[in-house]
Amino acid sequence: MSADLPRDVRVHADVDEQCSAAARFVVGELASALTRAPRASFALAGGSTPKRLFERLVAEHARALDWSRVHWFFGDERCVPFDSPDSNFRAAREALFAPLAIPRSSIHPMPAEAADHDAAARAHERELRDFFGADATFDVAMLGMGEDGHVASLFPGEPALAERERWVVHVETRAKPPPHRLTLTLPVFARSRAVFFLIGGASKRDALRRVLAPRDDVDRALPAARVTARERVVWFVDRAAHG
Ligand code: 6PG
């Protein structure tokens with residue numbers, strides 16, 4: 001948890017209220033970014049939680065801004081075919097990109113289907129550098145959190161969590177299937193203007209308590225506890241996860 005940013009934890013009664021609030025936050029951040037520049041950048045979380053947020057953005061904010069000016073990235077991706085049920089890209093394409101008619105040129109999927117995962121990570125880093133220049137600064141980065149406190153594909157105690165130089169790395173893990181993944185690294189999230197978490201359900205309660213109220217260095221070392229940003233880190237959590 002960043003020591004120098006004020007803690008901003010927003011507890012909502014249920015998933016519907018939580019995702020509506022998060023959707024309003026996303027639209028506000030992107031609209032603000034689009035007053036500063038011709039395009040904005042948004043790194044999406046993977047897993048199952050984001051789907052409800054994507055549905056809210058489509059249902060409640062389809063005309064809130066010129067979505068074609070937003071460029072879409074991913075915090076991590078499973079190394080599976082893009083049409084796999086495990087693909088984070090497929091989930092976003094079905095729930096968000098297609099309904100909002102996002103042009104393909106604005107979507108930057110991680111090269112999940114490449115056979116050489118390390119080469120794929122390096123190729124995606126080149127794509128990020130081409131887009132951002134010297135400093136990857138997402139306007140908004142979204143994260144979920146696993147029951148072990150992982151974020152993106154940065155799992156407790158695994159080498160990728162300690163990566164300080166590369167922006168994108170290949171991860172092989174037994175912590176959460178599928179085993180092969182590509183992930184942004186902590187320094188990239190730290191350079192984002194705004195990072196927000198979307199965390200819901202009783203299964204996340206223990207990890208969330210450990211991250212928000214760490215009792216020891218193990219808790220403080222959890223990936224979710226180490227996420228920082230340039231301007232703000234906001235936690236959208238439901239009552240079931242927060243208690
Ligand atoms: C992934 C995700 C991962 C996810 C958490 C929470 O690709 O697996 O990026 O970090 O955000 O595991 O997953 P759920 O939203 O499914 O609980």
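The questions below concern helices and strands in a predicted model.

Visitor: How are helix α2 and helix α3 oriented, roughly parallel or roughly perpendicular?
Guide: Two packed helices are described by the angle between their axes and the distance between the axes. Here the axes of α2 (residues 50-61) and α3 (residues 88-97) come within 8 Å and cross at roughly 25 degrees. Angles under 35 degrees count as roughly parallel. That angle therefore makes the orientation of α2 to α3 roughly parallel.

Visitor: How many nonpolar residues take part in the contact of α2 with α3?
Guide: From α2 come Lys51, Phe54, Leu57 and Val58, and they meet Ala91, Ala92, Ala95 and Leu96 of α3. The contact has one charged residue and no polar ones, and the number of nonpolar residues is seven.

Visitor: Which residue in β7 stands opposite histidine 170?
Guide: β6 and β7 (residues 180-184) are paired in the antiparallel sense, over five bridges. In β7, the residue opposite histidine 170 is leucine 182.

Visitor: How many residues of strand β8 are buried?
Guide: In a regular strand the side chains alternate between the two faces of the sheet. In β8 (residues 194-199), Ala194, Phe196 and Leu198 lie on one side and Val195, Phe197 and Ile199 on the other, and both faces are covered. The strand is mostly covered, and the count of buried residues is six of six.

Visitor: In β9, which residue is the bridge partner of leucine 198?
Guide: β8 is joined to strand β5 (residues 140-143) by four bridges, and these two strands run parallel. In that pairing, valine 140 stands opposite alanine 194. β8 also pairs with β9 (residues 232-238) in the parallel sense, over six bridges. There, the bridge partner of leucine 198 is phenylalanine 236.

Methods:
Residues numbered from 1 in each chain as written. Predicted model: local features only at pLDDT ≥ 70, side-chain atom pairs only at ≥ 80, totals over all residues. Heavy atoms only, no water. Axes fitted to C-alpha atoms, helices over the stretch in contact; angles between N-to-C directions. Parallel < 35°, antiparallel > 145°, perpendicular 65-115°, else oblique. Contact = heavy atoms within 4.5 Å. Nonpolar A, V, L, I, M, F, W, Y, C, P; charged D, E, K, R; others polar. Pairing = 2+ DSSP bridges. Buried < 20%, exposed > 50% of the residue type's maximum accessible area, 1.4 Å probe, protein only.
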